[in-house]
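Student: I am new to reading structures. Let us take this one question by question.

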Amino acid sequence: MGDINTLYGAKSSALMDKFSRIKLLACDVDGVFSDGRIYMGNDGEELKAFHTKDGFGIKALLKIGVHVAVITGRESTIVRKRMSSLGVEHIIQGCEQKNDALLALQKQLKIGKEATASIGDDMPDVGMFSLSHVAIATCDAHPFVKKQALYTTTINGGFGAVREVCDLILHAKGQLNKVSGTSV
């Protein structure tokens, strides 16, 4: 089995086969959708930056029937608003045991490990990896997390890492660049 050329370099056909089976993508938020920094104002307001490239990727996955979930340890109105605006239905916040949340979601959706991918950047995300056929670390993830991952993105969290994963899933499913007209 040879390599397949993708927008992110050559990937093994075995990896792309795994991406082709994905029906559920579970994502951490801080350090994955954002760069991991949390901006706090004097009045306690919290700000995060989200990349529109990630937003397009999520909407494209949803359009082809891939479920997307965010599972995060923090509670944030900003996260709920952003993910809701993208059409993400599975928004799990304030979750210390991400593996328990992912397992419950897999049971609810009747999607097993073989059809699940997860992406994270730090220690709390590793629990999701054991329930995922494709465990993904962001390029700037903690070194231990990278060692646990099957795939490490070429792009840092908050700067298009989620889009990279979405593009690889879309490519593997023969749907890359077939979804258009999606506002992010």
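## Residues and helix contacts

Student: Where is D30 found?

Tutor: Start with the elements on either side. Helices (H or I, at least four residues) and strands (E, at least two) are DSSP runs, numbered from the N terminus. D30 is found in the loop between β3 (24–27) and β4 (39–40).

Student: What should I know about the model and its numbering?

Tutor: Residues are numbered from 1 along each chain as its sequence is written, and side-chain values use heavy atoms, with hydrogens and water left out. The model is predicted: local features need pLDDT of at least 70, side-chain atom pairs count only at pLDDT 80 or more, and totals for chains, interfaces and linings use all residues.

Student: Is D30 buried or exposed?

Tutor: Use the cut-offs: buried is under 20% relative accessible area, exposed is over 50%, and partly exposed is in between (1.4 Å probe, protein chains only). D30 has a relative accessibility of 14%, so D30 counts as buried.

Student: Which residues does D30 touch, beyond those up to four places away in sequence?

Tutor: Contact means heavy atoms within 4.5 Å. Set aside residues up to four places away in sequence. D30 then touches G36, I38, K48, T72, R74 and D121.

Student: How do helices α2 and α7 lie relative to each other, parallel or antiparallel?

Tutor: Two packed helices are described by the angle between their axes and the distance between the axes. Axes are lines fitted to C-alpha atoms, for helices over the stretch in contact, with angles from 0 to 180 degrees between N-to-C directions. Helix α2 (residues 52–63) and helix α7 (residues 161–172) pack at an angle of about 30°, with their axes 7 Å apart. That angle makes α2, relative to α7, roughly parallel.

Student: Which residues of α7 make the contact with α2?

Tutor: Take each helix in turn. From α2 come K53, D54, F56, G57, I58, A60 and L61. From α7 come A161, V162, R163, C166, I169 and L170.

Student: What word describes how α2 lies to α3?

Tutor: The axes of α2 and helix α3 (residues 77–86) come within 9 Å and cross at roughly 50°. Under 35 degrees counts as roughly parallel, over 145 as roughly antiparallel, 65 to 115 as roughly perpendicular, and the rest as oblique. So α2, relative to α3, is oblique.

Student: Which residues of α3 meet α2?

Tutor: On α2, the contact uses T52, G55, I58, K59 and L62. On α3, the contact uses R82, S85 and L86.

Student: Which residues does L86 touch, beyond those up to four places away in sequence?

Tutor: L86 sits in helix α3. Its relative accessibility is 4%, so L86 counts as buried. Leave out residues up to four places away in sequence, and L86 touches G55, I58, K59 and L62.

Student: How far apart in space are L86 and I119?

Tutor: In sequence, they are 33 residues apart. In space, C-alpha to C-alpha, they are 18 Å apart.

Student: How far apart in space are D122 and K81?

Tutor: D122 is in the loop between β8 (116–120) and α5 (126–129). D122 and K81 are 41 residues apart in sequence. Their C-alpha atoms are separated by 23 Å.

Student: Which residues are in contact with D122, leaving aside neighbours within four places in sequence?

Tutor: At 33% relative accessibility, D122 counts as partly exposed. Leave aside its neighbours within four places in sequence. D122 is then in contact with H142 and V145.

Student: Which residues does T6 touch, beyond those up to four places away in sequence?

Tutor: T6 lies in strand β1 (residues 3–6). T6 counts as buried, because its relative accessibility is 14%. Not counting residues up to four places away in sequence, T6 touches K11, M16, L168 and H171.

Student: How far apart in space are S13 and D3?

Tutor: S13 is found in helix α1 (residues 13–20). S13 is buried, with a relative accessible area of 14%. S13 and D3 are ten residues apart in sequence. C-alpha to C-alpha, the gap is 5.4 Å.

Student: What is the phi of K110?

Tutor: K110 is in the loop between α4 (98–109) and β8. At 75% relative accessibility, K110 counts as exposed. K110 is not a glycine, yet its phi is positive, at about 60°.

Student: What is the phi of N177?

Tutor: N177 is in the segment after α7. At 67% relative accessibility, N177 counts as exposed. N177 is a residue other than glycine, and its phi is positive, near 65°.
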